[in-house]
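Subject: Structure handover

Hello,

Here is the structure for you to look over. My notes on what was found follow below.

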Amino acid sequence: MKNLLIGIILKPRGLKGELKVKILTNKPEVFFDLEHVFLDDTKHDVVSSSIQNGFGYITLKGLNKFELVDDLRDQNVYITKDQMIIEDDEVLVTDLIGFAVVDTLGKVLGTLRAIENYGAGEILVVNDELNIPYEDDFIMETNMTEKKIVVKTSKPVRRLSAKTTQK
């Protein structure tokens, strides 16, 4: 089972090993009931977890001193898929990877390789060369049964080359 990235450790807070975490999930409430997390590939039991001022805070079992957690800065915090809170009408982004991406005419554009977010919104990366905004204006259908995403097509635009003259 693939683990889900929920945050990145920013720094320790206080002297008792509590870690301040930048939340990287749109489901921050997952921080309220954490039993364990993975820091990179190492599993850690969680003693306490909370959210304050938009940041997650976790304390890990056996790491109850500043000196024991100071070197954990910049490590990714993961959970297992079964720990994520998912509503019936929701889907995890990771479940869409590998879906066929087709236009409204049925033409296969490629395979979804990744979904990136650079701050302005999510972008579908198709075959590492085509980027499509993951917004209602562009996405017509996400079919979980057929494992495909239908995207809106537009009339092709021909690239005109400008003629240059030398004087």
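**The largest pocket**

The largest pocket has 23 lining residues, and L5, L24, V93, T94 and E122 lie nearest its centre. A pocket here is an open set of points on a 1 Å grid over the protein atoms alone, where a 1.4 Å probe fits, with protein on both sides within 12 Å along at least five of seven lines; lining residues have an atom within 4 Å of a point.

This is a predicted model: local features need pLDDT of at least 70, side-chain atom pairs count only at pLDDT 80 or more, and totals for chains, interfaces and linings use all residues. Residues are numbered from 1 along each chain as its sequence is written, and side-chain values use heavy atoms, with hydrogens and water left out.

Two elements each give two or more residues to this lining: β1 (4-13) and β8 (108-117). β8 gives the most, with four residues. Strands are DSSP runs (E, at least two residues), numbered from the N terminus. By class, the lining has 13 nonpolar, five polar and five charged residues. Asp, Glu, Lys and Arg count as charged.

**Around β1**

I8 shows both contacts: I8 stands opposite K22 in β2, and the bridge partner of I8 in β6 is N76.

β1 and β2 also form a hairpin, with four residues between them. In the turn, G14 has a positive phi of about 85°.

Best wishes

Note on methods
Two strands pair if DSSP finds at least two bridges between them.
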